Every structure is written in structure tokens, then in C-alpha cells.
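Subject: Structure handover and findings

Dear colleague,

Please find below the structure I promised to pass on, together with its sequence. My notes on it follow, starting with the chain as a whole and then moving to single residues.

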Amino acid sequence: MSYNRFAYIYDMLMNHAPYEQWVNFTNALIHQSNKEIKSIVDLGCGTGEIAIRLSDLGYDVTGVDYSTEMLTAAAQKALNRNKKISWIKQDIRDLEGFNKIDLMVSYCDVINYITEKEDLLDVFKRVHASLTEQGMFIFDIHSIYYAEEKLINHTFADVTEDIAYIWECEQGEKRGEMYHYLTFFQKDKQHYSRFDETHHQQVYEINVYKDLLKASGFSKIDIYGDFLIENQFSEKNSERIFICVQK
């Protein structure tokens, strides 16, 4: 997965993303937990939209991402808003250097990009080691239902004044495995330049994540669907699944 050029138009493409819902959901779970949360690390922070909003609420926030370009965009936003946020370049599969963090979050499909179970286990173990006693970790994934019914074997397209894209999602060899083929046409003066992206994702059944989290040392596991805290969770009816665990 390459975000080199993609980073510069990411916000344009994500201008309708429900960032406020992610932040409000996080804040609601924090209040529900009755824990004193001061430090938050956003794993796979992208261009910093969620991290900056969490900072607005008074949390001490650090953003982690593998893309230098994404982090550069995030840092510029924070500077423009006079926000003191640390931005760190790391692959979350090799997460290190964090200690006694109150809460780690990973949103907007980041965990879907960890395609192998062994790598998921490594991520979960490293997060567990980075948290305070009874620290929390919240992440989201697509449901198998959503992947199969709404993404796989579908084509999406959009055209704006400055950019157009075609997005094709194809089934991989395993259930829940997806390859996203994106073609962008970006306007440059009187011409359009084309560039392509290929993204590989994997979603598993909920029990797979539960087993890996337990093997990583997490105890309390709560599951929610579609930004709703007080709902009867259904893996079949939810499009975006949130997993909240406690050390």
C-alpha cells in the first residue's frame, strides 16, 4: 500500500467521513468506563483528523502512522491550529517506545490492513505492553457482512471539479480478503494526471479477533456496532464493528 501521492488528496476524498462520530464514540466509552484517561495514542492516524479532535477535548494525543506524507499533512494541520501533538512514524506491527498509555485507538479501517493473523497477534501484544494497568484499546473493523454485500465485486466512482476516481473491489483467495484497485485523475491546470493505488485488506469473523486479543493478554472484551453504545450488537446487521478491550 502506497500513500505517497494519495496523502495529498486524502482529505478531499474523505470530506464526508464521520470523524465526529469516531470522536464522540470514543469519548462516550471513556466516560462509561469511569477511568481517568489522559494519554491517547491514535494508531494509523492518517492526516490527523481524529487525533486533532481528541486533542480539542483536552487529551494528550500522539499520532502514529507509517506514511511520512500523511504525518506531514497532520503536523501542518496541528500547527495551523496551534495544537501540541506528537507525530511518530512507525508500522504498528512493530510498535515500540510507548509505556503506560491510558488508551490506544485505531479507526477508519486501519486494522483491516493487518491481513495476517500472526501480524494481528503482534499488534495486539505490542498494544497490550504499551498500556497502563487496566488501560484500554478501541479499534474498528468492517463486518464480514458489509465486506461481502457492500464492497466485494462492487465498483464505485465519483467526479468533482478537481478529481475523479474509479474504485474496484475484488475478492481475494480467502473469505473476507479484499483487493481495492483505485484509479485517480487529478486536475492540474488544464490537464488531468492519472495515478493508481492498490490496497489489500482482510476482515475476519469476530471470534478470530476475540481469540487473538485473549492470547495477547486482554481480559474484558466489549463489542459495539455502527457507533452505537446502547444497542443489541449483531455481527450480521452491523457495517462497522467496534471492539473495546481492557488490559
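Predicted model: local features only at pLDDT ≥ 70, side-chain atom pairs only at ≥ 80, totals over all residues.

Taken along the principal axes, the C-alpha atoms fill a box of roughly 55 × 45 × 35 Å. Of the 247 residues, 50% count as buried, and the chain exposes about 12,700 Å², of which carbon and sulfur atoms supply 45%. Among contacts with a separation of 6 or more, 65% are accounted for by residues 24 or more positions apart. As to charge, there are 26 positive and 39 negative charges in the chain, and their mean positions are 4 Å apart.

Helix H2 covers residues 19-33, and at 1.5 Å a residue its 15 residues should span 21 Å, which agrees with its end C-alpha atoms being 21 Å apart. The buried residues in H2 include Tyr-19, Trp-22, Val-23 and Phe-25, and also Thr-26, Asn-27, Leu-29 and Ile-30. Just after H2, Asn-34 takes a positive phi of about 60 degrees.

Two further residues have a positive phi. For Asn-82, which is a residue other than glycine, phi is near 60 degrees; Asn-82 is found in the loop between helix H4 (68-80) and strand S3 (86-89), and it counts as exposed because its relative accessibility is 71%, where the cut-off is over 50%. For Asp-226, likewise not a glycine, phi is positive at about 55 degrees; Asp-226 is found in the loop between strand S10 (220-225) and strand S11 (240-246), and with a relative accessible area of 28% it is partly exposed.

Gly-58 is found in the loop between helix H3 (49-56) and strand S2 (60-65), where it is exposed, with a relative accessible area of 64%. Gly-58 and Ser-39 are 19 residues apart in sequence, and their C-alpha atoms are 9.6 Å apart in space.

Ala-164 lies in strand S7, residues 163-171, and it counts as buried because its relative accessibility of 13% is under the 20% cut-off.

Glu-118 has its place in helix H5, residues 117-130, and at 53% relative accessibility it counts as exposed. Between Glu-118 and Trp-22, which is one of the buried residues of H2, there are 27 Å from C-alpha to C-alpha, with 96 residues of separation in sequence.

Technical notes: Residues numbered from 1 in each chain as written. Heavy atoms only, no water. Helix = DSSP H or I, 4+ residues; strand = E, 2+ residues; numbered from the N terminus. Expected span 1.5 Å × (residues − 1). Buried < 20%, exposed > 50% of the residue type's maximum accessible area, 1.4 Å probe, protein only. Contact = heavy atoms within 4.5 Å. Areas by Shrake-Rupley, 256 points an atom, 1.4 Å probe, with all protein chains shown as cover. Lys, Arg positive; Asp, Glu negative; His and termini not counted. Charge placed at Lys NZ, Arg CZ, Asp CG, Glu CD.
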